[in-house]
Amino acid sequence: MSKNLLRVWGLSMALGLLVLGCAKVPQEAVTAARSAVDSARVAEAPLYAPEQFRAASDSLEAAMTEIEKQNSKNMFTRKYDLAEQRLISARGLAESSVRMAAENKARVMAESAESITMLEAAIAEAKALIEKAPRGKDGAAVLEAMKGEIAAVEQALATATASRAAGDFFGSR
């Protein structure tokens, strides 16, 4: 009876060591990092914080490559520490790219609004000056050329305003 108890105990210990010796994929960290990168994409980080977003994406990709590398190893030699570090880094970079994108988008929106306001003021001023300009025989041709240039600037203003309304703040600056 004692031998059977010893065998059961030995098998239990071996099974316990087998289970404890096998490293598991850090699935929670994978999910968190992917979610953070997806959130950054939705927050337009690729447009407004491209370097930070690229670093987050690259870190996530490197972590996934490391996980695949570890998965191909013998179950007793798998170590996911490096992959987990990269996943944590990817998550942090993605979260900071969301903040950076929001800041940069606000700055670009302000610049866009300022550019449009300045352009509208410049057009109004140019039109006022043309109305006050003397109308001599040589001046009429020059005034008509200036009116054509103002019309081109007004067209550019309309394009910038439409870009801004469509959410393209870079195109409206």
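Me: In helix α2, which residues are buried?
Reply: Buried means under 20% relative accessible area, exposed over 50%, and partly exposed in between, with a 1.4 Å probe and protein chains only. In α2, the buried residues are Ala29, Val30, Ala33, Ala36, Val37 and Ala40. They cover an arc of only 135 degrees around the axis, so they sit on the same side of α2; the arc is that of the directions from the helix axis to the C-beta atoms. On the face turned away from that buried side, α2 carries the exposed residues Glu28 and Val42.

Me: What kind of model am I reading, and how are residues numbered?
Reply: This is a predicted model, with residues numbered from 1 along each chain as its sequence is written. Local features need pLDDT of at least 70, side-chain atom pairs count only at pLDDT 80 or more, totals for chains, interfaces and linings use all residues, and side-chain values use heavy atoms, leaving out hydrogens and water.

Me: What does pLDDT average here?
Reply: pLDDT is the predictor's confidence in each residue, from 0 to 100. The protein averages 86, and 86% of the residues score at least 70. Over residues 17-21 the pLDDT is below 50, and this stretch has three contacts in the model beyond near neighbours in sequence. Contact means heavy atoms within 4.5 Å.

Me: How do I check the span of helix α2?
Reply: Helices are DSSP runs (H or I, at least four residues), as strands are (E, at least two), numbered from the N terminus. The expected span is 1.5 Å times one less than the number of residues. For α2, residues 27-42, the 16 residues should span 22 Å, and the end C-alpha atoms are 22 Å apart, which agrees.

Me: What do the buried residues of α2 pack against?
Reply: Their partners are α3 (45-48), α4 (50-71) and α5 (81-132). In α6, the buried residues are Leu143, Ile150, Leu157, Ala160 and Ser163, and these pack against α5.

Me: How many residues does the largest nonpolar core have?
Reply: In soluble globular proteins, nonpolar side chains tend to be buried together. A nonpolar core is a set of buried Ala, Val, Leu, Ile, Met, Phe, Trp, Tyr and Cys residues joined through side-chain atoms within 4.5 Å. Here the largest has 22 residues, and those with the most contacts inside it are Val37, Leu60, Ile67, Leu87 and Ala94. Each of α2, α3, α4 and α5 supplies at least two residues of this core. Apart from it lies another core of seven residues, among them Ile116, Leu143, Ile150 and Leu157.

Me: How many salt bridges are found in the whole structure?
Reply: A salt bridge is a side-chain nitrogen of Lys or Arg within 4 Å of a carboxyl oxygen of Asp or Glu. The search finds six. In one of them, Lys105 pairs with Glu44, the closest N and O atoms being 2.6 Å apart. Lys105 lies in helix α5 and Glu44 in the loop between α2 and α3, so the pair ties together parts that are 61 residues apart in sequence.
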